[in-house]
Amino acid sequence: MFGTESSLSMFLNTLTPKFYVALTGTSSLISGLILIFEWWYFRKYGTSFIEQVSVSHLRPLLGGVDNASPSSSSTSNGDTDSSRQSVSECKVWRNPLNLFRGAEYNRYTWVTGREPLTYYDMNLSAQDHQTFFTCESDQLRPADAIMQKAWRERNPQARVSAAHEALELEDCATAYILLAEEEATTIIEAEKLFKQALKAGEGCYRRSQQLQHHSTQYEAQHRRDTNVLVYIKRRLAMCSRKLGRTREAVKMMRDLMKEFPLLSMFNIHENLLESLLELQAYADVQAVLAKYDDISLPKSATICYTAALLKARGVSDKFSPEAASRRGLSMAEMNAVEAIHRAVEFNPHVPKYLLEMKSLILPPEHILKRGDSEAIAYAFFHLQHWKRVEGALNLLHCTWEGTFRMIPYPLEKGHLFYPYPICTETADRELLPTVFHEVSVYPKKELPFFILFTAGLCSFTAMLALLTHQFPELMGVFAKAFLSTLFAPLNFIMEKVESILPSSLWHQLTRI
């Protein structure tokens, strides 16, 4: 034992300052390379490489169990693997409750000087207008030919001028639509223009309906006229809703859904849900949800959070977190909490807006489902409905964060829905004005422990290398003192063991 100590002390005394410089420099270089690789891997895949290896490979060897088996979670909501792959890609949808550019978006710009719509969002709207409001036969009619060019114009004034030019030739429904959307400065003016568009649109629809089976050209024209008519009636219903004639708006929406049941791309049922909530017709809201909150139909924040609101409405007025912790949750309260967890998992950005933890902005014309843009669009119109139900926001505040403890690790794996898309942040930054709005990110990519540890280790060794290079003699003394202190407990234990064991036994053990 004493021979080992003497050889160790002799080895430490023979080390030169250059050895300590080389040692600390090499360790600093290695830790720096590890830090660079870890940071690159984290930026690309959103997780630490060391952490992923430990969870994926070392944990099963040590007897850990992966609690995120996809078989049970996928079947619980009826989603198949093929549907997961198809819906995991970020698809931008038209906002069913989008505002009017002239009467609402432009008014906001006049007051604040800010542009509420991004170029990407307006470009998507231009593509929608060309898809729904134009067809190949437009060249045969001068007014429609002008409007076909107008929908491609990027300059708003040029579009408005083209619409007026088309109206000088004939009553053109799409020209009235453009003027109602972009030139009208009030909802009342927009409604008048949409009523004029309705007269012109109904005439075109009846004529093309009689000729639709004559050729593919007439069939395309009839499809375009149908889209125009549905769009006009939907916007007229929204005008009635904004002007306070909510019952009239509900009737118009119901009639439109009965007349054109196959045109689900406009998502008129979401407009209907919002109007029924304004009337506090909760039984009718439940009837609409029973039809559209189906496994085979795509979900939305409006559907999930409205279902949660209805469940919360029955228990929120008497809900108390202290009482619930003492006696436990009742069946009705459990159903409400589960509905909130389901809604939060579908779109985790909504609660911060409903609880006014984050400021609202005007919703964009297009939204990304499960993204920040959809959360803004939902909360902008539905916050008042949550406030109207006593205790609903309190129940949401007490329970929404518990959702994240239920979702398997990592959060992208999902629980009740398909995995949360990783591209939402990129798409939301294109849809939302990031100049005055901070885009919500989920799951928030916080720096893993291993990256922080590697960064600290790299900085510490780099500092040691610098100090050793500048003060080699002094750092050598410190190194020897540190090693002596480090081995002091071991030496103490060895002395105690040597004093207890017989000298002959200890001699035999050292020889072994």
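Among contacts in the protein chain between residues at least 6 apart in sequence, what share join residues at least 24 apart? The figure is 71%. The model is predicted.

**The whole chain**

Show the cartoon first. The protein chain has 26 helices and two strands. Colour by burial next. Of the 512 residues in the protein chain, 45% are buried.

**The largest nonpolar core**

Select Met147, Ile177, Phe194, Ile232, Tyr305, Leu354 and Trp386. The largest nonpolar core has 96 residues, and these seven touch the most other members. Now highlight helix α16, residues 301–313. Helix α16 gives nine residues to this core, the most of any contributor. In general, nonpolar side chains in soluble globular proteins tend to be buried together.

Zoom in on Leu354. Set aside its neighbours within four places in sequence. Leu354 is then in contact with Tyr305, Tyr378, Ala379, Leu383, Trp386, Leu393 and Leu396.

**Helix α13**

Move to α13, residues 246–259. This helix has 14 residues. From its first C-alpha to its last α13 reaches 20 Å, close to the 20 Å expected at 1.5 Å a residue. Which residues of α13 are buried? Select Thr246, Ala249, Val250, Met253, Leu256 and Met257. They cover an arc of only 130° around the axis, so they lie on the same side of α13. Turn to the face directed away from that buried side. There you find the exposed residues Arg247, Lys251 and Lys258. Now show what covers the buried residues: α12 (216–242), α14 and α15 (282–292) are included.

**Helix α23**

Thr424, Ala427, Asp428 and Leu431 are buried here. Look down the axis of α23: its buried residues fall within an arc of 100°, so they line one face of the helix. What covers these residues includes both helices and strands: β1 (92–94), α7 (119–133), β2 (366–368) and α20 (372–388).

**Aromatic pairs**

A search of the whole structure finds seven aromatic pairs. Start with Tyr205 and Phe260. Their ring centres are 6.1 Å apart and their planes stand at 75°, so the pair is edge-to-face. Tyr205 lies in helix α11 (residues 187–211), and Phe260 in the loop between α13 and α14 (268–278), so the pair ties together parts that are 55 residues apart in sequence. Are these two residues buried or exposed? Both Tyr205 and Phe260 are buried.

Select Tyr420 and Tyr442 next. Here the ring centres are 4.9 Å apart and the planes are at 90°, so this pair is edge-to-face too. Tyr420 and Tyr442 are both buried.

Then pick Phe133, Trp151 and Tyr231. Ring pairs link these three into a cluster.

**Charges over rings**

Two last stops. Select Lys369 and Trp93. Lys369 lies over the face of Trp93, 3.9 Å from the ring centre. Then select Arg370 and Tyr418. The charged end of Arg370 sits over the ring of Tyr418, at 4.8 Å from its centre.

Terms used. Residues are numbered from 1 along each chain as its sequence is written. This is a predicted model: local features need pLDDT of at least 70, side-chain atom pairs count only at pLDDT 80 or more; totals for chains, interfaces and linings use all residues. Side-chain values use heavy atoms; hydrogens and water are left out. Rings of Phe, Tyr and Trp (its six-membered ring) pair if their centres lie within 6.5 Å; planes under 30 degrees apart count as stacked, over 60 as edge-to-face and the rest as tilted. Helices (H or I, at least four residues) and strands (E, at least two) are DSSP runs, numbered from the N terminus. Buried means under 20% relative accessible area, exposed over 50%, partly exposed in between (1.4 Å probe, protein chains only). A charge sits over a ring if NZ of Lys or CZ of Arg is within 6 Å of the ring centre and within 35 degrees of the ring normal. The expected span of a helix is 1.5 Å times one less than its number of residues. The arc is that of the directions from the helix axis to the C-beta atoms. Contact means heavy atoms within 4.5 Å. A nonpolar core is a set of buried Ala, Val, Leu, Ile, Met, Phe, Trp, Tyr and Cys residues joined through side-chain atoms within 4.5 Å.
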